[in-house]
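The exercises below go through one structure, chain by chain and then contact by contact. Please work through each task with the sequence and the model in view before reading its solution.

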Amino acid sequence: MTHARQLTFAHLWLAFLAFAVALVLGVWQMWARSPLPAPFVTASTYFSAVTAHGTAMAYVMPVFMIMGFGYYVAETALDRPLPAPRWAWSAFALGLAGALMATVTIFSGRAAVLFTFYPPLTASVFFYLGLVMVVAASWIWCVLMMVAMAQWKRANPGRPVPLAMFATVANAVMWLWTTIGVAAELLFQVIPAALGLKAQLDVGLSRTLFSWTLHAIVYFWLIPSYIAFYTMVPQAAGGRLYSDTMGRLTFILFLIYSLPVGLHHLLMDPQQSNAFKFLQVALTALVSVPTLLTVFTIGASLEIAGRLRGGRGLLGWIGALPWDRPLVLATGLAFLMLGFGGFGGLVNMSYGMNAMVHNTSWVTAHFHLIFGGTVVIMYFAIAYAIWPAVTGRAAPSLAAQRLQLWLWFAGMLVMTLPWHYLGLLGQWRRVATFNYADPIIAGWGPWVVVSLIGGVILLGSGLLFVLNLLQFNVSREPHAAAPGELYASAVHPPARVPAALNGFRLWNALVLVLMILAYGYPIAQFFVGDSPQALVHRVDERR
Amino acid sequence: MPISEEIIVRSELRWAAISVGVVSVIMIALIYAGLVHHINPPSNIERIDPKTLHLGGEFTEANLGTRVSGDGQVTSRIVATQFTFQPRCIVLPANRRVTLRFATPDVIHGILVSGTNVNTMIVPGYVSQVHTVFTRTGDLLMPCHEYCGLGHSEMSATVRVVPPDEFKPDAEGRVACDAR
Amino acid sequence: MNRREASDEDLERVMREVPRGAFALAGLAVGALLAAWLLIYFLVFLPRGMVG
């Protein structure tokens with residue numbers, strides 16, 4: 001590996017440092033909301049912390065993790081140096097500067113608008129500009145990924161792009177489409193308002209534009225974990241990927257169906273009709289299919305591994321798998337959390353059923369479990385798997401890695417399962433302190449404390465993760481094996497694939513068609529007739 | 001040669017068919033709930049100017065709260081602002097179709113009514129409308145469930161559901177919460 | 001374990017069983033998912049009443 005080593009090292013460390021800070025804030029937030037007295041709690045500190053936690057976990061950490069992992073894949077899967085590494089480092093600098101600018105603004109109390117912005121609430125312009133810089137950095141990464149794949153195809157005419165890179169570029173293409181919504185919202189509405197150039201804005205439009213990004217971004221987060229499932233886990237388990245073709249199809253299905261579904265975040269909103277809400281619910285049902293396919297394909301891949309190791313019977317092969325290997329363990333734990341998290345998500349998207357759970361702790365439970373759980377546990381395992389090649393040292397202790405993964409799993413369940421229950425009881429979101437004198441709310445107290453304990457376990461696990469990575473630096477054992485050996489082979493490694501499974505031209509056209517169908521009218525309606533405007537409400541005035 | 005790629009893909013397609021089948025069951029159940037049980041998202045698209053809604057028309061202060069119209073329709077109108085509901089308590093009868101209408105002059109709010117399917121966002125520029133039938137009596141919690149600024153944690157209202165015989169509108173058709 | 005260790009005969013033998021186990025596992029998982037969804041649909045959602 002030529003450039004990826006240092007790039008991956010820098011990006012992942014930045015991601016995990018942001019992650020660690022956000023973890024501490026998250027536990028403090030849960031403490032503040034519990035019946036137990038917590039220090040430093042005011043509305044301003046609480047909501048600034050929520051903004052920081054959300055911004056770090058939803059934007060900064062994933063973007064840098066995905067960029068860093070992408071550079072690693074681009075060099076190791078394609079077996080060639082990264083094109084234009086200076087652009088990659090410029091992107092890193094741009095993203096870092098933006099993240100710092102947003103952070104300083106948040107901690108100075110001038111951006112308590114949460115990571116979802118909620119215009120007409122308007123923060124200091126430096127908050128938004130900081131995030132724009134992070135997104136711009138990610139766009140540079142997207143272009144580099146596409147260029148790397150194009151260069152490889154030219155040097156290898158007719159050959160299928162290695163699956164890990166194909167999926168990485170699918171993610172990059174999808175991310176470019178995804179960011180259009182929030183970019184339009186920031187560029188045309190929120191930043192002009194923050195600069196004082198606009199005194200009013202169209203809230204129906206801003207919510208609709210943001211919803212465009214808000215769902216697709218979760219697939220941006222998720223695809224690297226699925227890349228690990230398809231291209232690394234079968235190898236770690238000692239088996240083969242059941243089907244390379246299905247792998248490609250899965251990532252293509254995500255590219256197509258992640259985007260035209262954002263309205264399922266607006267099912268309770270009064271500015272969109274039932275017709276378009278139902279259409280996007282139906283499309284959401286379709287985006288569950290690639291995940292259901294993945295459960296089967298990865299199950300079959302692991303079954304190959306288990307049976308090769310002597311496992312017998314309909315399900316006995318599960319026990320025969322090498323669960324002592326962190327990537328394999330993380331996959332098992334990830335799929336368990338996917339079961340719970342997927343269930344929560346299905347309920348959320350179920351049209352009228354959303355009324356039962358919208359803006360309650362059920363929603364909080366769902367996305368912490370599915371993203372913080374299934375996706376992030378794989379981020380840990382990916383880091384552990386590639387760190388030997390990135391640092392040139394061997395893993396000092398697999399037992400410590402396994403312990404960290406188990407703690408993350410346990411903490412996540414203890415934290416989120418009570419939240420599901422509390423959500424059904426009506427506990428609502430984004431509250432700094434609850435009035436536990438109220439008899440209904442008092443009954444929630446014990447469950448809130450249980451949830452807090454889960455959060456503390458997660459904090460311990462997160463700190464252990466950072467420690468485990470630091471251990472590589474002090475390890476004396478050099479790592480010699482080739483980075484490419486991490487990748488799995490398929491049962492039938494393809495000699496050729498159709499162009500549709502080797503590129504994205506057709507799929508981009510399909511995305512365009514679907515977006516016009518699903519979002520065309522829902523957005524255009526704000527430009528027809530007199531769309532009402534709301535007054536800008538600044539949150540960054542000096543008190 | 002182990003089994004061919006065609007057989008592998010066919011097994012995947014069989015699983016895909018099962019997946020689509022499961023998802024279809026869910027979609028059908030949702031359509032059933034929407035059409036037969038009348039449970040749908042609140043999607044009455046009705047625009048209103050947030051800057052003038054307190055000045056005249058439906059959401060002036062005197063017209064807020066529960067009112068029974070001449071034709072017997074029970075409607076409760078509530079304004080959500082930073083950081084309170086006006087009025088903070090409304091009375092509604094059980095076992096009778098009621099309509100809740102919300103508007104806001106400032107930022108995004110939202111409500112749920114605990115233990116029910118009543119849930120809606122309140123977006124400046126739009127009137128949010130929810131029809132429902134309350135089946136149980138008692139004081140229900142109606143908090144603001146969407147972040148609306150620093151005072152969000154304290155923003156809450158009460159929905160008092162009374163038995164039909166205790167629901168007594170005055171001469172103008174209005175019912176207010178008595179101080180308890 | 002490196003990728004050469006599993007011979008072609010081993011893979012062929014194993015592929016006679018696969019994907020029966022995956023069908024079983026995925027089927028159980030998705031069945032449980034559907035069951036849980038139907039439970040919450042009938043026991044919590046519908047009883048909470050009409051709204052729209």
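**Exercise 1.** What distance separates the centres of domain 1 of chain B and domain 2 of chain B, taken over C-alpha atoms?

*Solution.* Begin by keeping in mind that this is a predicted model. The domain assignment divides chain B into domain 1, which covers 1–40, and domain 2, which covers 61–175. Taken over C-alpha atoms, the centres of these two domains of chain B are 40 Å apart.

**Exercise 2.** Describe the make-up of chain B and decide whether chain B is spread out or compact.

*Solution.* Start with the elements: chain B has 1 helix and 11 strands, and along the sequence they follow the pattern α-β-β-β-β-β-β-β-β-β-β-β. For 180 residues the globule rule gives 16 Å, whereas the radius of gyration of chain B is 22 Å, well over that value, so chain B is more spread out than a compact globule. The box that the C-alpha atoms of chain B fill, taken along the principal axes, is roughly 85 × 40 × 30 Å.

**Exercise 3.** Apply the reasoning on the radius of gyration to chain A.

*Solution.* Chain A contains 16 helices and 4 strands. A compact globule with 543 residues would have a radius of gyration near 24 Å, and the 23 Å of chain A agrees with this. Along the principal axes, the C-alpha atoms of chain A fill a box of roughly 60 × 50 × 45 Å.

**Exercise 4.** Characterise the side of chain B that touches chain A, naming the element that gives the most to it.

*Solution.* The count of contacts comes first: 54 residues of chain B are in contact with 58 residues of chain A. On the chain B side, two or more residues each come from helix 1 (5–35), strand 6 (109–112), strand 7 (119–122) and strand 9 (138–143). Helix 1 of chain B gives the most, with 14 residues. By class, this side of chain B has 29 nonpolar, 18 polar and 7 charged residues.

**Exercise 5.** Carry out the corresponding analysis for the side of chain C that touches chain A.

*Solution.* Here 25 residues of chain C are in contact with 25 residues of chain A. Helix 1 (8–15) and helix 2 (20–45) of chain C each supply at least two residues of this side, and helix 2 of chain C gives the most, with 14 residues. The residues on this side of chain C divide into 19 nonpolar, 1 polar and 5 charged.

**Exercise 6.** How are helix 10 of chain A and helix 2 of chain C oriented to each other, and which residues meet there?

*Solution.* Two packed helices are described by the angle between their axes and the distance between the axes. Helix 10 (residues 326–348) of chain A packs against helix 2 of chain C at an angle of about 40 degrees, with their axes 10 Å apart. The two helices are therefore oblique to each other, and helix 10 of chain A passes helix 2 of chain C in a right-handed crossing. In this contact A:Gly339, A:Gly342, A:Phe343, A:Leu346 and A:Val347 meet C:Ala29, C:Leu33, C:Ala36, C:Trp37 and C:Ile40.

**Exercise 7.** Determine how helix 10 of chain A is placed against helix 12 of chain A.

*Solution.* The axes of helix 10 of chain A and helix 12 (residues 361–391) of chain A come within 8 Å and cross at roughly 160 degrees, which makes the two helices roughly antiparallel. Helix 10 of chain A passes helix 12 of chain A in a left-handed crossing, and the residues of their contact divide into 19 nonpolar, 8 polar and no charged.

How values were computed
Residues numbered from 1 in each chain as written. Chains lettered and ligands numbered in written order. Predicted model: local features only at pLDDT ≥ 70, side-chain atom pairs only at ≥ 80, totals over all residues. Contact = placed C-beta atoms within 7 Å. Nonpolar A, V, L, I, M, F, W, Y, C, P; charged D, E, K, R; others polar. Axes fitted to C-alpha atoms, helices over the stretch in contact; angles between N-to-C directions. Parallel < 35°, antiparallel > 145°, perpendicular 65-115°, else oblique. Left-handed = near helix turned anticlockwise from the far one by under 90°. Domains from an automatic or database assignment. Rg over C-alpha atoms; globule rule 2.2 N^0.38 Å.
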